Amino acid sequence: MPKRVENWSEEEALAFFHFVHTTYNRAESNAGGGQERHFLIAGRPVRLQFAGPGLIPALTPALEHLKDSPGSPPELTVLLWDSASTGTALPAILSRYLDVLGEWWVHLGPRGEIKEITSERIRAAYHLGPNIFSMIDLKENTALYWVKDSQALPYYELGSPLRTILHWWADRGSCQFVHAGAIGRSDGGVLLAGKGGSGKSTTALACLEAGLQYASDDYCLVQTEPQPFVFSVYNTAKLRGDLDLARFPHLAPLVSNQEREQSDKAVLFLQQYFPEQVSRGFPLRAILLPVITGTEKTCLKPASAAAVLTALAPSTLFQLPGAGAVAIKAMSKLVHAVPGYMLELGPDIAQIPVLVADLLARG
Amino acid sequence: MDMLGYFSVKKPDVVHETIDGETVIVNLENGIYYSLRNSGVDMWNLLEAGANLDELTEAMIGRFDGSQDEIRRAITELLVVLQQEGLVKVSSTKREDSQTDLVQPLNEKKKFDVPVLEKYSDMQELLLLDPIHEVDEEGWPHKAEESGTGNAEEG
């Protein structure tokens with residue numbers, strides 16, 4: 001059985017946050033000064049402050065469509081650095097602490113949350129594999145993001161960067177981070193919910209090809225009040241394997257990670273090639289649950305609210321450190337507010353955007 | 001299994017929502033999620049409200065039309081399963097916020113069906129569940145593709 005870990009007090013967690021913050025300051029100084037990038041996420045100004053240039057090409061392409069000019073005071077500031085490109089090793093005590101987190105079955109929750117640092121104000125997570133350390137002070141709306149080497153980030157972090165931090169932050173506002181695609185028109189669109197492999201990406205790309213607006217293929221922000229609305233976070237599209245590339249052959253040359261492991265998905269940043277079709281968000285008219293049926297005809301059938309919640313909630317909750325009762329309540333509220341449909345996918349993907357456009361035309 | 005005491009949902013590891021007559025239950029600790037329908041929803045609401053076995057039985061008999069023995073047996077069996085799955089816990093004292101009196105008998109009882117907890121474990125790979133003890137020479141955990149650790153990513 002895992003050993004029980006004692007929660008740090010909020011003061012201890014805050015002191016630790018400040019200590020890690022000084023590590024960022026040192027990296028920024030070593031790298032010759034910070035570089036800022038500004039984005040409008042869910043309509044709110046967010047500043048990413050990089051210690052040096054190393055992480056910028058890795059983390060910003062996915063957010064490019066939300067680029068904003070400096071001006072409004074940021075509602076969230078994220079300080080980002082990596083040790084390799086800034087030439088700044090972590091202080092020994094911090095390095096040792098992260099080593100200790102390697103005993104993750106003791107210190108980490110199942111979603112990477114650092115068990116001892118969980119308070120109303122301070123959250124921390126350690127994403128094993130790429131070894132990404134994320135921490136946020138929700139009172140000051142300041143977050144820290146560290147990775148050992150910017151060159152070693154996996155494709156999914158390039159495609160949907162800062163997911164944990166953005167989830168923590170948005171959760172405190174009126175928005176909920178969800179695992180879902182989103183496509184539509186400027187006056188209204190649909191959310192695509194379901195676990196990996198259900199057909200979200202294929203549906204989203206088929207609709208993109210047909211001229212619809214694209215807001216997400218896997219992670220986005222939603223709100224129910226004042227009206228159901230989806231906010232795009234990433235302009236990323238992902239394709240898995242040769243079959244997906246065969247379906248969309250003209251996208252193959254646009255893939256950003258041409259040299260990838262066979263198990264990695266191909267990642268495309270749509271803002272670079274389809275800027276007119278990448279949307280910052282639109283009102284939500286329905287939630288569709290794609291399911292690959294193999295039947296001849298692609299069709300829409302009403303889905304129960306419970307089926308929609310089941311498609312949306314577990315896969316969202318399991319991927320977001322700290323998401324719980326508030327998140328499932330928010331998703332339930334959204335599911336109540338818009339109708340749900342099963343999108344039964346046949347082999348002819350050209351039928352998908354026709355159905356979606358028909359649904360949206362009904363108002 | 002413990003049948004003596006007051007039941008409640010094992011928060012915060014377990015979250016749930018009832019929507020259009022179906023309760024979706026998610027165990028955040030092990031990546032398994034569940035569904036309850038019909039009489040199972042009523043029973044879950046009573047557990048959430050902090051009922052003990054007697055209160056649960058009385059309330060269910062007051063709301064459902066069926067053999068009392070069958071209802072009692074079904075309640076006991078579901079309680080066993082819910083505890084085995086780590087979804088509910090039992091405490092010896094009644095919660096201060098217990099609201100079992102809110103679940104009233106029905107004038108027109110519903111037909112009783114044996115509640116079934118439907119279980120789904122198809123998303124467990126998204127969580128960190130299997131401990132490994134190897135670390136590399138620098139003391140860092142191996143990458144996911146090398147060792148199977150690391151949170152998976154959904155597409």
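How many Å separate the centres of domain 1 of chain A and domain 2 of chain A, taken over C-alpha atoms? I began my notes with this, keeping in mind that I was reading a predicted model. I found that the two centres lie 27 Å apart.

**Entry 1: the two domains of chain A**

I noted the bounds of the division, which puts residues 10-171 of chain A in domain 1 and residues 176-361 in domain 2. I then looked at the contact between the two, to which domain 1 brings 27 residues and domain 2 brings 28 residues. On the side of domain 1 that touches domain 2, the elements of chain A giving two or more residues are strands β4 (113-118) and β5 (122-127) together with helices α6 (155-159) and α7 (163-171). I marked α7(A) as the one that gives the most to this side, with 7 residues. Sorting the residues on this side of domain 1 by kind, I recorded 12 nonpolar, 9 polar and 6 charged.

**Entry 2: helix α7 of chain A**

I next asked myself how many of the residues of α7(A) are buried. The helix is mostly covered, and 9 of its 9 residues are buried.

**Entry 3: chain A as a whole**

Stepping back, I counted 12 helices and 17 strands in the secondary structure of chain A. Its radius of gyration is 20 Å, close to the 21 Å that the globule rule gives for 363 residues, so I wrote down that chain A is as compact as a globular protein of that length. The C-alpha trace spans about 60 × 45 × 40 Å along its principal axes, and buried residues make up 53% of the 363 residues. Of the contacts in chain A with a separation of 6 or more, I found that 72% join residues 24 or more positions apart.

**Entry 4: a pair of helices, α10 and α11 of chain A**

I looked up how helix α10 (residues 305-317) and helix α11 (residues 325-337) of chain A pack, and found an angle of about 150 degrees with the axes 10 Å apart. The crossing of α10(A) and α11(A) is right-handed. From α10(A) the residues that meet the other helix include A:V308, A:L309 and A:L312, while those from α11(A) include A:I328, A:M331 and A:V335. I noted that the residues of this contact divide into 10 nonpolar, 3 polar and no charged.

**Entry 5: two leucines**

I checked A:L101, which is found in helix α4 (residues 92-101) of chain A. A residue needs 20 or more other C-beta atoms within 10 Å to be buried, and A:L101 is buried because it has 22. Leaving aside neighbours within four places in sequence, A:L101 is in contact with A:H107, A:L108, A:I114 and A:Y126. I also took the separation of A:L101 from A:Y126, which is 25 residues along the chain and 7.8 Å between their C-alpha atoms.

B:L47 counts as buried because it has 23 C-beta neighbours inside 10 Å. With its neighbours within four places in sequence set aside, B:L47 is in contact with B:F7, B:S8, B:V9 and B:V88. Last, I noted that B:L47 and B:S67 are 20 residues apart in sequence and 21 Å apart in space, C-alpha to C-alpha.

Note on methods: Residues numbered from 1 in each chain as written. Chains lettered and ligands numbered in written order. Predicted model: local features only at pLDDT ≥ 70, side-chain atom pairs only at ≥ 80, totals over all residues. Axes fitted to C-alpha atoms, helices over the stretch in contact; angles between N-to-C directions. Helix = DSSP H or I, 4+ residues; strand = E, 2+ residues; numbered from the N terminus. Left-handed = near helix turned anticlockwise from the far one by under 90°. Contact = placed C-beta atoms within 7 Å. Nonpolar A, V, L, I, M, F, W, Y, C, P; charged D, E, K, R; others polar. Rg over C-alpha atoms; globule rule 2.2 N^0.38 Å. Buried ≥ 20, exposed ≤ 12 C-beta atoms within 10 Å, placed from the backbone. Domains from an automatic or database assignment.
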